[in-house]
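This note sets out several points for a reader who is meeting the structure for the first time. Please keep the sequence and the model in view while reading.

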Amino acid sequence: MFTTFAWSPDTIWVIGQKIWWFLIVIGVLISFHEFGHLLAARWVGVRVLKYSLGFGPKVFGRQIGETEYLVSAVPLGGYVKLFGEEEADALTREEQRRSFFHQALPGKMFIVAAGPGFNFLLAYLIFAAWLVTGAPLPVPTFPELSPVVKFVSIGSPAEMAGIQVGDRILRINDREISIQEEIFDAVQKSKGLPLSLDIQRGDSVKTVVVTPHVVPPQPEGAEEPFYRIGVEEAPPVLTSVLKNSPAMAAGFKRGDRVVQIEGQEITTWSEMTDIVRASPDKPLHVQVERDGTLVDLVVTPKAKTRTVNGEEVQSVTIGISRGPWEILRADSIPHAVVEAARATWKGTELIGYTLYKLVAGEVSRKSVAGPLGIASISGEAAEQGLETVIWLIAFLSINLGVLNLLPIPILDGGHLFFFALEGILRKPLGERQREIAQQVGLVVLICIFILALWNDIERLLSN
């Protein structure tokens, strides 16, 4: 007897939406990247044979001038095929003039670097246009990511242990701490048992013992208690408002800072969420600061039931989110131009830092996401509105630019590395050496892809 596995229409609709938005997001990123290569090649004078969105078999295409524009079957990348990529491809003087191989070294490096460069340009243009409208732009910031204490609750375990604002938490129970989120993860996993914290204050390092406590009130039906030590992770500033959520209906906007709830002063994100969790279906009077003005709003938290490990768990939310962000604003076009460059640099800095921590083993390999992860993120962004999708495209474009500059053969960064060696050695690497390097690069990329896909599947199954 066979058991038929069937998805509900709602599930099929959600999956279809995620696939659709994944194709849009990845299509924009790839097309802009490859367009950079194409424009640079034409600028240098190299003939472009093919411009393809996707890999593998051709789905459809059209010849325009000397270039064939294609859409291929596998939407996980793209390529630009240049004339004369090998020395033997161009025999006559005219062919050599239009071939890639016979270009001067600066020209070849310009063509290769233009792809990642256009990814950074895309992000910059999105940020600049965003800021010109006067809308607040959330960007990642290192001070918010670093494990430096920014707030200590009065009477909390952290205060009683002598922890102060400005202390840097180095280790918890001998586990190295590199980002702020690891602090709160360790506290939650402690289940209320004492923790040994190594903290740096100035030039000295000291060890303190902190016992996390349960913060009342707890939401009804919560899977487990919420533990705190009184070191809060973020100010109560909204970086996104979910589409069709209670918060959107109440008039909350990106960049709002929650000041009071029911007359109680709010200084941290957790203070706000603790009140929301304890108030299902109860109207809350909230005061927010928006562009220097206090605004009064009324929002009713919505209770949702979901299944976790086979058990039904209730969660209470109003449809807002935050992250380790700084909110940028611009009051003029020149100011927007400058702030957009700053936002692009901050995104680049964060991705570079995260990659370093990943290679050093200080960030979990499970943080690597693949196509399924990007599809899920794209679908979630679409639920929050088109502006969130555009914001996601900008930061994924920076991500793609940084990753392509890594010195891995096959990637643009690997080609740039070979060209740098060619400049030092005054001759190109041998054909056999390049073949071996390409094979090694392919193996590395396949391993990364398998890791990312495995992480995606694990997240899918856990949800």
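A salt bridge, as the term is used here, is a side-chain nitrogen of Lys or Arg within 4 Å of a carboxyl oxygen of Asp or Glu. The structure discussed below is a predicted model.

1. Salt-bridge network. Arg171, Glu176 and Asp198 are connected to one another in a network of salt bridges. By the rule given above, the count of salt bridges comes to 15.

2. The pair Arg175 and Asp185. A salt bridge joins Arg175 to Asp185, and their closest N and O atoms are 3.7 Å apart. Arg175 belongs to strand 5 (residues 175-176) and Asp185 to helix 6 (residues 180-189), so this pair ties together parts that are 10 residues apart in sequence. Arg175 is partly exposed, its relative accessible area being 34%. Asp185 is also partly exposed, with a value of 28%.

3. In which order do the four strands of the open sheet stand? The order is 12-11-13-14, and the pairing is antiparallel. Strand 12 (264-265) and strand 14 stand at the edges with a single partner strand each, so one side of each has no neighbour in the sheet. Strand 11 (residues 257-261) is joined to strand 12 by two bridges, and Ile261 has Gln264 of strand 12 as its bridge partner.

4. The hairpin. Strand 13 (residues 284-290) and strand 14 (residues 293-299) pair in the antiparallel sense over seven bridges. In one of these pairings, Glu289 has Leu294 in strand 14 as its bridge partner. The two strands form a hairpin with two residues between them. Asp291, in the turn, has a positive phi of about 55 degrees.

5. The nonpolar core. The largest nonpolar core has 29 residues, of which Phe127, Leu131, Leu137, Ile393 and Ile398 touch the most other members. Helix 1 (9-44), helix 3 (105-132), strand 3 (137-140), helix 9 (333-359) and helix 11 (386-404) each supply at least two residues of this core. Which element gives the largest share? That element is helix 11, with nine residues.

6. The surroundings of Leu137. Leaving aside residues up to four places away in sequence, Leu137 touches Phe127, Trp130, Leu131, Glu326, Ile327, Leu328, Ala343 and Trp391. Among these contacts, Phe127 and Leu131 are also listed with Leu137 as core residues that touch the most other members.

Notes: Residues are numbered from 1 along each chain as its sequence is written. This is a predicted model: local features need pLDDT of at least 70, side-chain atom pairs count only at pLDDT 80 or more; totals for chains, interfaces and linings use all residues. Side-chain values use heavy atoms; hydrogens and water are left out. A nonpolar core is a set of buried Ala, Val, Leu, Ile, Met, Phe, Trp, Tyr and Cys residues joined through side-chain atoms within 4.5 Å. Buried means under 20% relative accessible area, exposed over 50%, partly exposed in between (1.4 Å probe, protein chains only). Contact means heavy atoms within 4.5 Å. Two strands pair if DSSP finds at least two bridges between them.
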